[in-house]
Amino acid sequence: RTFDAHPFVPSDEKVRRARCAEIFNIQAAGLAKRIEHIGLKKAVIGISGGLDSALALLVADKAFDLLALPKENIICITMPGFGTTKRTKSSAVTLTECIGAQLRDIDIVPACTQHMRDIGHDMSILDVTYENVQARERTQILMDTANKEGALLVGTGDLSELALGWCTYNADHMSMYGVNCSVPKTLVRYLVDFVVDERGGKLGEVLREILATPVSPELLPPDKNGKIAQKTEDTLGPYEVHDFFLYHFQRFGASPDKLMFMACRAFDGVYSREQIEKWLRLFMKRFFSQQFKRSCIPDGPKVGSVSLSPRGDWRMPSDADASAWLDL
């Protein structure tokens, strides 16, 4: 038996393009409906130069077309911090310009420095406090700007991040409407690539640059060459493997031994059994321990058969024990 290594992504190119078009339209229609329902004319998005925020901006661009609203009503805010690189900053600026959205640049370093001084945190200690101070400062800026402008804050986090809890509670975990909340990371890439093929030009060029950029929250300082040092997949393992686990675990309730069996077949010759087992244990530990973040996520459109919405698709106690699922 063979198993598709990328169950969220149709292998047939024609089917995949049709699926991407449908998902993209669902995201845009959902955002347009929410904006129309609450009577707003503007949206705020934090732009990092990464994949998720790029997709969120592309969705907003389509939604504003549907609503016949001017693109300058999309307020994109880039917020360079301690780990921001020139590459991602440049991509964020260029992408915003291609869309025709309004761009604001707010340096969060002074505010984060002052905050760490206020709480007595040594800035030489690059721990979770150092990272989360930046994430929460960014969300405060986005939320307050949305209030000030009478706008909707559009969230950028995706389904894979929600599954693993790879987001900061009450920071990038929170928004007013999350357009990517049921799109897994492996599919985010294909959705962005779909727009590249559809629109091309300078927009396509910057999106290709974003597609080639390592996935990173950029909360730790760059390396000595000014390149991204904090790479998410170096810590978590490949998103393609975690998405494989998520699909079969959430949709079919596959047990750990079955997940191991299927993953070893699907990724035969790509990853070793030892690697897959290590990543499966990490997936289970994080999936169970991070439910508290999923219990209070904002609304967003459902675009596929797998969703972690606490309002219907996935109900789970935050104190659920993962030990029974770690007996591989």
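**Group meeting: a walk through one predicted chain**

Leaving aside neighbours within four places in sequence, Gln291 is in contact with Trp314, Met316, Pro317 and Ser318. That is my starting point today. Keep in mind that this is a predicted model.

Let's stay with Gln291. Where is it? Gln291 sits in helix H13, which covers residues 291-294. Is Gln291 buried or exposed? Its relative accessible area is 1%, so it counts as buried. Two of its contacts have a polar side to them. The side chain of Gln291 makes a polar contact of 3.5 Å with the side chain of Trp314. A polar atom of the Gln291 side chain also lies 3.4 Å from the backbone oxygen of Met316. Now look across the sequence. Gly165 is 126 residues away from Gln291 along the chain. In space, their C-alpha atoms are 7.6 Å apart.

Let's step back to the whole chain. How many helices and strands does it have? The count is 13 helices and five strands. The C-alpha atoms fill a box of roughly 50 × 50 × 40 Å along the principal axes. A compact globule of 328 residues would have a radius of gyration near 20 Å, and this chain has 19 Å, so the two agree. Of the 328 residues, 52% are buried.

What about contacts? Take pairs of residues at least 6 apart in sequence. Of those contacts, 76% join residues at least 24 apart. Then the charges. There are 40 positive and 42 negative ones, and their mean positions are 2 Å apart.

Next stop, Lys185. Lys185 is in helix H7, residues 185-199. Lys185 has a charged type of side chain, so ask yourself: is Lys185 buried or exposed? Its relative accessibility is 5%, so Lys185 counts as buried. Which residue does its side chain meet in a polar contact of 2.9 Å? The partner is the side chain of Asp158. Beyond four places in sequence, Lys185 touches Asp52, Asp158, Ser160, Glu161, Val215, Tyr239 and Asp243.

His248 belongs to H10, residues 239-252. With a relative accessible area of 11%, His248 is under the 20% cut-off, so it is buried. Beyond four places in sequence, His248 is in contact with Pro7, Gly253, Ala254, Leu259 and Met262. Leu259 and Met262 are also among the buried residues of helix H11, residues 256-266. What covers them? The cover includes H10 and helix H12, residues 273-289. An α-helix has 3.6 residues a turn, so residues three or four places apart point the same way.

Last, two loop residues with a positive phi. Asn170 is not a glycine, yet its phi is about 60°. Asn170 lies in the loop between helix H6 and strand S5. At 48% relative accessibility, Asn170 counts as partly exposed. Glu218 is the second one. Its phi is near 50°, again positive in a residue other than glycine. Glu218 lies in the loop between helix H8 and helix H9. Is Glu218 buried or exposed? Glu218 is buried, with a relative accessible area of 7%.

That's the tour. Questions are welcome.

How values were computed: Residues are numbered from 1 along each chain as its sequence is written. This is a predicted model: local features need pLDDT of at least 70, side-chain atom pairs count only at pLDDT 80 or more; totals for chains, interfaces and linings use all residues. Side-chain values use heavy atoms; hydrogens and water are left out. Helices (H or I, at least four residues) and strands (E, at least two) are DSSP runs, numbered from the N terminus. The radius of gyration is taken over C-alpha atoms; the globule rule is 2.2 Å times the number of residues to the power 0.38. Buried means under 20% relative accessible area, exposed over 50%, partly exposed in between (1.4 Å probe, protein chains only). Contact means heavy atoms within 4.5 Å. Lys and Arg count as positive and Asp and Glu as negative; His and the chain ends are not counted. The place of a charge is taken as NZ of Lys, CZ of Arg, CG of Asp or CD of Glu. A polar contact is a pair of N or O atoms within 3.5 Å; within protein, one must be able to donate a hydrogen and the other to accept it, and residues adjacent in sequence count only if both atoms are side-chain atoms.
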